[in-house]
Amino acid sequence: MISPLIFSLLILSQAQESSPSPAESKPTVCIIGSGIGGSSLAHFLRHYYNSEEAKRPRIQIFERNSVVGGRMATVNVAKESFEAGASILHPKNYHALNFTKYLNLKLKNPSLSKSKDSLSLGIWNGKKFILKTFNVNSQNPLLRKMVSLANSLLIFVRYGFSILKMDDFVESAVGKFLKYYESVETRPVFESVDGMLKWAGLYNFTKRSLLEELTDAGLSYSLIQELVTVITRINYGQSACMSGLAGAVSLAGSGGGLWSIEGGNWQMAAGLINRSDVALHLHEEIKSISHLTEYYELNSTTGNTFKCEVTAIATPLDEENIQFTPPISIPERKLQHTHATFVRGLLDPAYFGLGDLSEIPDLVGTIEDPELPFSSISILKKNSDKDITYKIFSRKPMADTLLYSIFSERKETIRIDWGAYPHYQAPELFAPFILDGQHLYYVNAFENAASTMETSAVAAENVARLILSRFFGDDSLNFSSLKNSSPAGEGLHLDL
Ligand SMILES: Cc1cc2nc3c(=O)[nH]c(=O)nc-3n(C[C@H](O)[C@H](O)[C@H](O)COP(=O)(O)OP(=O)(O)OC[C@H]3O[C@@H](n4cnc5c(N)ncnc54)[C@H](O)[C@@H]3O)c2cc1C
């Protein structure tokens, strides 16, 4: 079913296509991609522009799909909607919190559906669970608290003080990242990702692996090979050999206070586009970008041509087939493919060498072993004791024969192959934010540092300021709105 929001976006798109703006002479900023990167770029361009109305840019967004949101998308299983891609946000993701408030969206704490205290975790090595926390199905708060304490003790006994060192490492990285919310008076506009990372003190994390960083931080080998690896495999489909900054972001995504948006995170993109006076072109895949003397000419696979004074790419270029004239050169980067498989049915306890379904932990994580066919299996929803919705992450597709061996019953199976995020390998090399030294920008250059909804928004905010200052001049920047927009400011700490 088409949602009312998408419907209004479609109308907006069609209306603006058929009745061109009277101010044809206004410069046009074209954005390729309607994910959180492209939509927040449009938002920040509007929010920060403070110059003559006559020069206020037209903004066009091109999206090859029929819906906006990109890697923020939902899937329906058993008539219920679940996040299929980007699912959780960190409590200090201030841009996302701001968008949620600005768009009147509703926050959801995913762990509330089943209290975090009572979620059980198992680490599976292919033969047995090397760690299994206790499960509690009782609603008795005292009992739940006791089980939660017992689980903390279990983890402490296995990993000792290393677990505290891991928290310190994550806190330190998150603390540095918060610099990106400082007022613009103290925060420069960055022309390169390297410069942006160096300024926040995060650059060195991208030059070494997570394994090296955590070993230096004093974490034990077993904690890194087990719990840390489980987390990096779930969040990025990669091992602890991934680069340090993305690894730290991944660990931050396993802490408390995580949240999402009721009804789907994609609504951030839809809402931002809807409120930013944008001409949205759905089903419009850009296949070539040519720099002619005064402007860029964009050609789409549907045969349409667009003229843009400024062009911003808000999608990873790694698996793209866009033809650039003159050609551009960026460091080679591979995307990590993550296969998300949604199954409505019942796991088979025999696969895990167990006697009863209730003995299988709510979240089964895995260690790094090429023989293991999946990274994680988690319960999304218990419809009843005999009807459960699961999400599986794996690096390769989950073939039917494999699913037959893992599940005793299967009513519904949905498979999605995501070109999910970069395959992180230190030392990371970064593409420039400005691809041609002119007005061709690349928001996802920052994705080699870490791939999240928030990092896309942080990169987009910087690119918006870069476009305004370079193309429209420093006077075009609305400093008062920049100051007031500091998301770490007062009144923005929403109750999670
Ligand atoms: C399985 C999975 C789980 C994840 N979990 C989390 C999580 O829990 N929390 C989190 O913060 N992040 C998570 N992420 C990462 C997060 O989804 C991304 O970092 C973020 O959504 C990237 O947004 P973007 O706008 O930069 O790119 P995208 O969302 O990929 O948007 C790019 C858009 O551009 C469009 N496009 C591409 N090429 C063209 C073209 N030639 N012409 C026109 N349109 C084009 C695409 O269709 C797409 O809509 C996850 C990702 C995946 C895949």
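Two strands are said to pair if DSSP finds at least two bridges between them, where strands (E, at least two residues) and helices (H or I, at least four) are DSSP runs, numbered from the N terminus. The model examined here is predicted: local features need pLDDT of at least 70, side-chain atom pairs count only at pLDDT 80 or more, and totals for chains, interfaces and linings use all residues. Residues are numbered from 1 along each chain as its sequence is written.

Next comes helix α6 (residues 193-200). Its buried residues (20 or more other C-beta atoms within 10 Å of their own, C-beta atoms being placed from the backbone) are Val193, Met196, Leu197 and Ala200. They lie on the same side of α6 because they cover an arc of only 95° around the axis, taken from the directions from the helix axis to the C-beta atoms. An α-helix has 3.6 residues a turn, so residues three or four places apart point the same way. Just after α6, Gly201 adopts a positive phi of about 80°.

Finally, the ligand is surrounded by 36 residues, the closest being Gly33, Gly35, Gly37, Gly70 and Ala86; a residue counts as near if its C-beta atom, placed from the backbone, lies within 6 Å. At least two residues of this shell come from each of α2 (36-48), β15 (335-347), β19 (407-422) and α12 (453-472).

Notes: A residue is buried if 20 or more other C-beta atoms lie within 10 Å of its own, exposed if 12 or fewer, and partly exposed in between; C-beta atoms are placed from the backbone.
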